[in-house]
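Open the structure in your viewer and keep the selection tool at hand. This tour tells you what to select next and what is there.

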Amino acid sequence: MLLVGTQSACKEAPKEKKSADTSVVATPIAPEAFIKEFYAAYLAANLKMPIDYKQVDAIVDASCTPSLITHLDTAGMDFDPFLNAQDVFDAWQSHIQVKAHDSMPMCYWVQLDDPQNSNASAIILVQLKQQGNEWKIDKLLE
């Protein structure tokens with residue numbers, strides 16, 4: 001399993017941004033919905049033949065923090081850290097499950113399944129960070 005960061009990092013509660021009138025800046029989308037949208041777009045780009053690497057990079061750049069992008073650019077991994085796998089399966093597009101971690105705020109389990117192939121599943125633990133009124137993937141923990 002890939003550990004990018006430490007699990008203790010997830011224990012940090014999200015920092016609320018306040019505007020000049022001290023009201024909390026609301027995010028326009030729930031964290032689970034953001035993650036699902038990211039994975040739907042990311043899988044679609046990776047399933048194109050040939051893979052659309054420019055589109056994949058654009059999705060990652062728009063959805064991740066600069067520190068995660070820098071880490072991924074220099075890590076030299078032989079697998080896809082967002083999928084915790086080397087292969088991508090078509091069935092994953094319609095079987096994306098996102099669940100908040102029970103004890104680690106801002107951390108979410110992402111499970112990708114293929115009901116026809118029990119060996120084709122992936123589980124990833126992602127940590128989000130709020131930047132302005134947007135969510136960003138900050139760390140990939142498992």
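Start with the whole chain. Residues 24 or more positions apart make up 57% of its contacts with a separation of 6 or more. Contact here means heavy atoms within 4.5 Å.

A word on the source. This is a predicted model, in which local features need pLDDT of at least 70 and side-chain atom pairs count only at pLDDT 80 or more, while totals for chains, interfaces and linings use all residues. Residues are numbered from 1 along each chain as its sequence is written, and side-chain values use heavy atoms, with hydrogens and water left out.

Now colour by secondary structure. The chain has 3 helices and 4 strands. From the N terminus on, the order is α-α-α-β-β-β-β. Helices (H or I, at least four residues) and strands (E, at least two) are DSSP runs, numbered from the N terminus.

Of the 142 residues, 39% count as buried. Buried means under 20% relative accessible area, exposed over 50%, partly exposed in between.

**Stop 1: the largest pocket**

The largest pocket holds about 460 Å³ of space. On a 1 Å grid over the protein atoms alone, a pocket is an open set of points where a 1.4 Å probe fits, with protein on both sides within 12 Å along at least five of seven lines; lining residues have an atom within 4 Å of a point. Points are joined across faces, edges and corners, and the volume is the space filled by probe spheres set on them.

Next, select α1 (31-47), α2 (53-63) and α3 (66-75). Each supplies at least two residues of the lining. The largest share, 5 residues, comes from α2.

**Stop 2: Tyr42**

Zoom in on Tyr42, in helix α1. Is Tyr42 buried or exposed? Its relative accessible area is 4%, so Tyr42 is buried. Show its contacts beyond four places in sequence: Val56, Ile59, Val60, Asp80, Phe82 and Leu83. Then draw a C-alpha to C-alpha line from Tyr42 to Asp57: 9.3 Å in space, 15 residues in sequence.

**Stop 3: the aromatic rings**

The whole structure has 5 aromatic pairs. In one of them, the rings of Phe38 and Tyr39 have centres 5.1 Å apart and planes at 90°, so the pair is edge-to-face. Rings of Phe, Tyr and Trp (its six-membered ring) pair if their centres lie within 6.5 Å; planes under 30 degrees apart count as stacked, over 60 as edge-to-face and the rest as tilted. Phe38 and Tyr39 are both buried.

**Stop 4: backbone exceptions**

Most residues other than glycine have a negative phi, and most peptide bonds are trans. Select Met49 and Pro50: a cis peptide bond joins them, with omega about -5°. Pro50 sits in the loop between α1 and α2.

Move to Asn84, in the loop between α3 and β1 (96-100). Asn84 is not a glycine, yet has a positive phi of about 50°. At 25% relative accessibility, Asn84 is partly exposed.

Finish at Met106, in the loop between β1 and β2 (107-112). Met106 also is not a glycine and has a positive phi, about 70°. At 10% relative accessibility, Met106 counts as buried.

Methods
Buried means under 20% relative accessible area, exposed over 50%, partly exposed in between (1.4 Å probe, protein chains only).
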